[in-house]
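Good morning, and thank you for coming. I would like to take you through one structure, beginning with a pocket and then turning to some of the side chains.

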Amino acid sequence: MLTKGIQLKIMIGPVIPVPAPQVVIDALDSVQVTSAAGSASGFQMSFQFNSKSELNTIFLLAGAMNSGPATPPLRVMLIMILNGTPQPLFDGVMTHIEVQAGKSGSPGTVTVTGEDLTKAMNMIDFSGMPYPAMPIEARVAVICAKYAAFGLVPLIIPVLFPDIPIPIERIPAHQGTDLEYLQQLAEEAGYVFYIEPGPVAGTNIAYFGPEIKIGVPQPALNVDMDALTNVENMSFSFDPTQGVLPIVFIQNQMTRVPIPIPIPDFNPLQPPLGVLSTPLSNLKMLKETAKMNAAQAVSAGLNEARKSQDSVTANGSLNVLRYGRVLKARQLVGVRGAGIAYDGLYFVKSVTSTLKRGEFKQSFNLTRNGLISITPRVPV
């Protein structure tokens with residue numbers, strides 16, 4: 001698929017993908033890729049075909065390869081070349097094929113849907129596998145090692161409050177599929193787990209750690225700035241009732257009396273992005289923490305606190321060629337031209353990329369934990 005300054009390369013195959021046949025490229029109508037913090041990334045490709053097209057045979061074989069857990073899932077890689085620079089747009093597996101037959105002489109459509117490599121982690125139940133004397137980081141590394149063939153490289157941040165089990169007291173055991181257990185461990189530690197493609201095609205980063213809202217921001221999104229405007233539309237909203245102060249309970253081992261402890265949202269990896277921060281308008285009692293040890297209870301409180309502070313949201317869309325690069329989720333971006341209350345840095349919560357012949361657009365959702373920028377000048 002070609003447009004001015006943009007080329008899309010499609011690779012398909014079991015575990016190690018190969019370039020898609022020319023008949024597949026010629027039939028491609030559109031591609032949509034969604035990447036969002038807090039959920040798996042996904043893609044959807046639409047093809048036009050007729051009853052005599054070779055696509056019928058190709059996707060029949062593709063469907064057979066995704067028929068069960070004993071068969072390796074069909075891997076799909078989308079590599080975008082923007083102004084001569086290749087960068088992975090998506091890496092995952094095919095999950096669903098839908099065929100709409102043509103009528104009245106018009107071509108039919110084949111819609112292929114897929115998810116990122118977390119789908120491959122969610123196919124087999126490994127419940128009961130023991131992890132004696134292994135901290136959370138070691139368990140995550142062991143699980144990720146199973147998927148090295150997919151180019152999976154683990155990036156594991158040590159937990160803030162480690163809890164190393166003593167084998168004579170308890171031995172942690174795997175619960176559910178690999179993905180379910182990794183998500184459970186991340187929830188217990190107040191962390192997030194996700195997979196994103198890159199830094200080069202064929203490799204993927206499996207990140208297990210705190211959600212990071214610091215770093216070098218992406219080029220600014222300019223609103224209503226005449227020739228400098230690089231977004232098509234953008235809207236903002238503010239919800240002052242979003243803030244929650246979690247209360248955890250730590251049980252006194254001698255008296256068995258639970259002691260309530262408030263957990264403020266204080267995280268150096270998620271600093272305030274606004275001067276007027278989100279007011280704490282709600283209290284949430286985490287009563288189940290009374291059954292946990294102190295480290296687990298504090299981690300649960302921090303995990304709850306980080307979810308509820310983003311009171312400012314922004315939604316919009318842009319043309320990638322005008323913006324000059326691909327906007328990426330889970331990173332910071334600047335906003336200019338929206339006024340004193342909403343200018344500043346934002347966290348990119350989600351991005352949906354839509355590619356058609358001659359067109360590459362993105363819609364996005366941004367979040368922030370307060371009004372009025374903390375930076376005197378938004379980086380361009």
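Let us begin with the largest pocket, which is lined by 39 residues. Glu196, Pro197, Lys328, Ala329 and Gln331 are the lining residues that lie nearest its centre. Please keep in mind throughout that this is a predicted model.

The volume of the largest pocket is about 760 Å³. Which strands each supply at least two residues of its lining? They are β4 (28-36), β7 (85-100), β10 (192-197), β11 (204-209) and β20 (344-356).

I now turn to the aromatic rings. In general, a pair of aromatic rings is described by the distance of the centres and the angle of the planes. In this model the count comes to 6 aromatic pairs. One of them is formed by Tyr194 and Tyr207, with 5.3 Å from centre to centre and 40° between the planes, a tilted arrangement. Tyr194 belongs to strand β10 and Tyr207 to strand β11, so this pair ties together parts that are 13 residues apart in sequence. Are these two residues buried or exposed? Both Tyr194 and Tyr207 are buried.

Another pair consists of Phe236 and Tyr346. Their ring centres are 6.3 Å apart and their planes meet at 50°, so this pair is tilted. Phe236 lies in strand β13 (residues 233-238), whereas Tyr346 lies in strand β20, so the pair ties together parts that are 110 residues apart in sequence. Phe236 has a relative accessibility of 24% and therefore counts as partly exposed. Tyr346, by contrast, is buried, with a relative accessible area of 0%. Through ring pairs, Phe236 and Tyr346 also join Tyr342 in a cluster.

Arg330 lies over the face of Tyr194, 3.9 Å from the ring centre. Likewise, the charged end of Lys213 sits over the ring of Phe347, at 4.9 Å from its centre.

Finally, let us consider Gln218, which is placed in strand β12 (residues 218-222). Its relative accessibility is 2%, and the cut-off for buried is under 20%, so Gln218 counts as buried. What lies 2.8 Å from a polar atom of the Gln218 side chain? The answer is the backbone nitrogen of Lys328.

Conventions
Residues numbered from 1 in each chain as written. Predicted model: local features only at pLDDT ≥ 70, side-chain atom pairs only at ≥ 80, totals over all residues. Heavy atoms only, no water. 1 Å grid on protein atoms, 1.4 Å probe; cavity = no way out; pocket = protein on both sides within 12 Å on 5 of 7 lines; lining within 4 Å. Points joined across faces, edges and corners; volume = space filled by probe spheres on them. Helix = DSSP H or I, 4+ residues; strand = E, 2+ residues; numbered from the N terminus. Phe/Tyr/Trp six-rings, centres within 6.5 Å; stacked < 30°, edge-to-face > 60°. Buried < 20%, exposed > 50% of the residue type's maximum accessible area, 1.4 Å probe, protein only. Lys NZ or Arg CZ within 6 Å of the ring centre and 35° of its normal. Polar contact = N/O pair within 3.5 Å; in protein donor to acceptor, adjacent residues only side chain to side chain.
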